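Please look over this model before reading on. The points below go from single residues to the whole chain.

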Amino acid sequence: KALIAWGSVDFEAGRHEQAESRWLEAQAMLTGDEADPASTDVAEASNVVNNLAVLATVRGQFDRAWALYQEALDLDARRDVSGQTVLTLYNMGMLRSDQERWDDSLELYDRALSLCRQTRLSLHEPAIYLNRAEALIGKGEMSESRQALARALTGFRRQDDALGTADTLRLYGRQCRTLEQWSDGQQFLEQSIEINRRYGESISLGEALYELGELNRLSGSAGDAIGPLREAEYIFARIDARPD
């Protein structure tokens, strides 16, 4: 458990190689040749596989990530429906969003939300609504995406989740960019960047900087786009986020 948590801290800080090393060590302890199947903690085994799948997604290894998510679901099937099942489903939805398979991602998010309601696991709902909003923006369904963003922002603020709030503000900025609402979009993105900077050079910071660069470029301020885009590229390269 300590290795899994430590790896998660490394991942959030952009230290992906260290995160992978800790998660693989934890996985070997849980499911390796020397592990005792009778005493295996299925929840932790599923958790570490899920984390490795997220890392594969970030690196653009989509087929490997999908196989790992399926492995996590198989582990989850050995016990009652839990928060880990919800996490796996909405992470799979995020992978499909990365591939711009919007309808597939929305189906997975809806399954995750349904499980949240069945099990009263409201903790995960803000993140699911956030990712659902991203898929809806991709489909061009702006009204419905705005409703999902509002629910995500309310949930994250209720949980005092600063990074979740920052991600929601970033997507508000993307939506404004799509609608050519340049001033509002810039305000949302600058707020997102300000919050993310408190937590180091993360994927979330890189994504917010990228969105600001794109907004500036498309609004006719190409000179103001270069700085955010260069910083975003540096962050993505440093943490090996290849698709980004």
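1. Start with a definition. Buried means under 20% relative accessible area, exposed over 50%, and partly exposed in between (1.4 Å probe, protein chains only). By that scale Asp10 is buried, at 2% relative accessibility.

2. A word on the source. This is a predicted model, where local features need pLDDT of at least 70, side-chain atom pairs count only at pLDDT 80 or more, and totals for chains, interfaces and linings use all residues. Residues are numbered from 1 along each chain as its sequence is written, and side-chain values use heavy atoms, without hydrogens and water.

3. Now the overall build. The chain has twelve helices and zero strands. Helices (H or I, at least four residues) and strands (E, at least two) are DSSP runs, numbered from the N terminus. The radius of gyration, taken over C-alpha atoms, is compared with a globule rule of 2.2 Å times the number of residues to the power 0.38. The chain comes out at 18 Å, close to the 18 Å that the rule gives for 244 residues, so it is as compact as a globular protein of that length. Along the principal axes, the C-alpha atoms fill a box of roughly 60 × 35 × 30 Å. Buried residues make up 50% of the 244.

4. Asp10 has two charged partners worth checking. A salt bridge here is a side-chain nitrogen of Lys or Arg within 4 Å of a carboxyl oxygen of Asp or Glu. Asp10 pairs with Arg15, with the closest N and O atoms 2.8 Å apart. Arg15 is partly exposed, at 33% relative accessible area. Asp10 also pairs with Arg22, and here the closest N and O atoms are 2.5 Å apart. Asp10 lies in helix H1 and Arg22 in helix H2, so this pair ties together parts twelve residues apart in sequence. Both Asp10 and Arg22 are buried.

5. Other salt bridges deserve a look. The count comes to 18. One of them joins Lys139 and Glu141, with the closest N and O atoms 3.4 Å apart. Lys139 is partly exposed at 36%, and Glu141 is partly exposed at 31%. Elsewhere, shared partners join Glu20, Arg59, Asp240 and Arg242 into one network.

6. Which residues of H2 are buried? They are His16, Ala19, Arg22, Trp23, Ala26, Gln27 and Leu30. These cover an arc of only 140° around the axis, which puts them on the same side of H2. The arc is that of the directions from the helix axis to the C-beta atoms. Turned away from that side are the exposed residues Glu17 and Met29. The cover over the buried residues includes helix H1 (2-12), H3, helix H4 (62-76) and helix H11 (203-218).

7. Next, the core. A nonpolar core is a set of buried Ala, Val, Leu, Ile, Met, Phe, Trp, Tyr and Cys residues joined through side-chain atoms within 4.5 Å. The largest one has 65 residues, and Trp23, Val48, Val86, Tyr90 and Ile128 touch the most other members. Helix H3 (residues 42-58) gives the most to this core, with nine residues.

8. Finally, Val48. Contact means heavy atoms within 4.5 Å. Leaving aside neighbours within four places in sequence, Val48 is in contact with Ile4, Trp23, Ala26, Gln27 and Leu30.
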